[in-house]
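Reader: I'd like to learn how to read a fold like this one. Can you walk me through it, feature by feature?

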Amino acid sequence: MTATPRRHWLADLLVKQGSPDAANLAVSDDATPEEIWNAAAQIARITPDEVTRRVAAGTKYAVANLDHPESRAQILVPESLARRHLVFPIHETDRSLVVATWNPTDLDAEQALGFAAGRSITFEIASPKAIAQAIDAHYAPDDAVNQLLDRAGISDGIDVTVVEEQAPETVAAQDLDAAPVVKLTGIILADAVKAGVSDIHMEPGREGGVVRFRIDGVLRVYMRIPMTALNRVVSRIKVMGKLDIADRLRPQDGRARVQLAGKVVDLRLSTVPTRDAEKAVIRILDPSNSKKLEDLNVSKAELERFRRLLLNRDGIVVVTGPTGSGKTTTLYAALREIATGEVNVMTVEDPVEYELPGMTQIQVEPKRNVTFASALRSILRQDPNVIFVGEIRDLETAEIAVQAAYTGHLVLATIHANDAAGSVDRFIDLGLDRAKVTGTLRGALAQRLVRRLCPSCAQAVDRSLTPAEQKLAERYGVRPVKRAVGCDACAQAGYRGRITVMEVMVGSSTNGMRPMRDSALERVAAGETTLEEVERVLGGAGAGGETEAVATAAPAAAHILVVDDDNVNRMMAKAVLEKGGFRVSEAKDGVEALEQLQHLADVQVMVLDLDMPRLGGAEVLERVRHAKATAALPVIVLTGSESGDTEVEIMERGADDYVRKPIDGPRFVARVKAALRRAGS
């Protein structure tokens, strides 16, 4: 039996709102709300959105905004009630509940909602389709995920097999459940691995969730999804990493090894609670990406200096740089070169990022009392030749590393500092005695990663530069050769892959250290990257921060002689000055300083330590002032003394300036420049 068409309340309302043709609207009793809405739009010759606006105007209700619903409001209205009356709760107060409806004449819905919520009901108007989508997105996460997959045209899922605790022969035989959330999680992971992503960020927000990929050090939006879907994906990730999915109030860390389309990768998982949800970050580590030093694409000069440090049989060599600058990759490459099978190499890491052959790797596990310090103590009883410490982060670990260095071990480690010279200050900040640093630190390396221009779309720079390029060219003194454009091969980024730029500070008399900024600018001149990228990674002042900013204008040809018996002080002074563009020679005591002055005719400033063996700074200063060849040579005295009398005495003996230890980079460079200016005048 066919349902009899009847006149609908929408007809009268639309006629009053200026659509006379709506008088002919008649709908059957079995028509759905969406069919009714669409029929009204068609007969009135307006869009469904315009129907919404006219219903709101005709009933004096507001148009509902479904983009920012409150989760507290949804708790007050059961899903069954929302679907029965096709309504959706938007926000609530202590006394009222705002609900989106397509039919403000439905008194049964108003009464049922008021009874369920215990609040007075205020209607706002939305189309039946919009309300249904909001219900699916916020009450039925699986439906929301399925809709997301359907919109993306995805029908088949990606098999993600957790393999961390499985034998190799069983890996290929295991398949996961094809539930929507598992399917979506697999697709996100597979796309990330395919794109060479280093980190996946799953971030909650007021307007929904967003998934971002970090590619070549830069975050890019990959997908926007409803919060309920994001919460389910984060929970799935926590299950894979054996984390507690019921605990959303504390940060958690875990790991998983998974197989994606025949490729095994390691995942490092981290979750933190936010106001209403959890944020998850997944670091993707591909064991097959472990590189050799030759694969790092480091300039030849820096590579040779680093290899020279690795030839030491004792002492400490550190690598510095911010998170994500490739420190561990560089040290792993060094370990691969060292671990020839003829030496005992042992590591303490948190986490063990790559499993390398030919060495013993220990994972830090605080719950089992395996810390950096406790593991290092145990390692010293295992007759190691080389020890790698994932990070020196406290005094206890630093002291054990020093002990290992003193007893004939080469210790490789990472430490957080802005540049190579800053590693010394970092050790001292941790509480390590300066003499211990002096006796054990063999050198330090600082590095950053800059993006490489995409070879498919990089554009040669013609005679004219853009205003931005011109400004950077004047700041850095280098004219760019190519510029970034963007194409499908690089996802319109203009860059593909990254280049390592580094500076290597060696704790012995050797060729001068080239600042990291100069290494980066060399890559610009070679057409491998851009000044914009150097600016992004190193900053306007370069990697050396204030020191670089102060030193940038220093005369490039100025030759400085640094005289200090303290190896670390001499190394720091040399590094800071070379970073500023000065040419530096070294002398380890007063006798050697006088010999240097006889052979180096172009020394323009001498930086002289006061307390030295064989011949002290005061005696050296006196001889310099009495020799015709050096009588006018500017001399800056370094001392650890706090006595004002010492300063007066030194200045009366003919010193041009007086600098107390430890060296403060920007001030030290400024004093050297001032001495040069006075000498020039």
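This is a predicted model: local features need pLDDT of at least 70, side-chain atom pairs count only at pLDDT 80 or more; totals for chains, interfaces and linings use all residues.

Reader: Is S3 mostly covered or mostly open?

Author: Mostly covered: 5 of the 6 residues in S3 are buried.

Reader: What joins strand S10 to strand S11?

Author: You'll find 9 bridges there, and S10 (residues 252–260) and S11 (residues 263–273) run antiparallel. S11 and S12 make a hairpin, with 4 residues between them.

Reader: Now the empty space. How do I find it?

Author: Rolling a probe the size of a water molecule over the atoms shows where empty space is left. In this model, the second largest pocket holds about 1200 Å³ of space.

Reader: Which residues lie nearest the centre of the second largest pocket?

Author: Asp67, Pro69, His138, Arg206 and Gly208 do, out of 33 lining residues. By class, that lining has 12 nonpolar, 12 polar and 9 charged residues.

Reader: Which element gives the most to that lining?

Author: That's helix H7, with 5 residues. Other elements that supply at least two residues each include helix H4 (71–76), helix H8 (141–151), strand S8 (209–215), strand S9 (218–225) and helix H10 (227–240).

Reader: Let's do single residues. Is Thr530 buried or exposed?

Author: The idea is to compare the relative accessibility with a cut-off, and buried means under 20%. Thr530 counts as buried because its relative accessibility is 1%. Thr530 sits in the loop between helix H18 (516–525) and helix H19 (531–538).

Reader: What does Thr530 touch?

Author: Leaving out residues up to four places away in sequence, Thr530 touches Leu453, Lys482, Arg483, Ala484, Tyr495 and Val524.

Reader: And backbone angles? Where should I look for a positive phi?

Author: Look at Arg45: its phi is positive, about 60 degrees, although it is not a glycine. Arg45 lies in the loop between helix H2 (33–43) and helix H3 (48–59). With a relative accessible area of 66%, Arg45 is exposed. Lys60 is another non-glycine with a positive phi, about 65 degrees. You'll find Lys60 in the loop between H3 and H4.

Reader: Why does Lys60 count as exposed?

Author: Exposed means over 50% relative accessible area, and Lys60 counts as exposed because its relative accessibility is 74%.

Reader: Last one: how do I read the whole chain?

Author: Go from the element counts to the chain totals. The chain has 25 helices and 26 strands. Of its 681 residues, 51% are buried. The accessible surface comes to about 31600 Å², and 48% of that belongs to carbon and sulfur atoms.

Reader: How many of the contacts with a separation of 6 or more link residues 24 or more positions apart?

Author: In this chain, residues 24 or more positions apart account for 63% of them.

Conventions:
Residues are numbered from 1 along each chain as its sequence is written. Side-chain values use heavy atoms; hydrogens and water are left out. On a 1 Å grid over the protein atoms alone, a cavity is a set of points where a 1.4 Å probe fits but cannot get out, and a pocket is an open set with protein on both sides within 12 Å along at least five of seven lines; lining residues have an atom within 4 Å of a point. Grid points are joined across faces, edges and corners, and a volume is the space filled by probe spheres set on the points. Ala, Val, Leu, Ile, Met, Phe, Trp, Tyr, Cys and Pro count as nonpolar, Asp, Glu, Lys and Arg as charged, and the others, Gly among them, as polar. Buried means under 20% relative accessible area, exposed over 50%, partly exposed in between (1.4 Å probe, protein chains only). Contact means heavy atoms within 4.5 Å. Accessible areas come from the Shrake-Rupley method with a 1.4 Å probe; for residues, only the protein chains shown count as cover. Two strands pair if DSSP finds at least two bridges between them.
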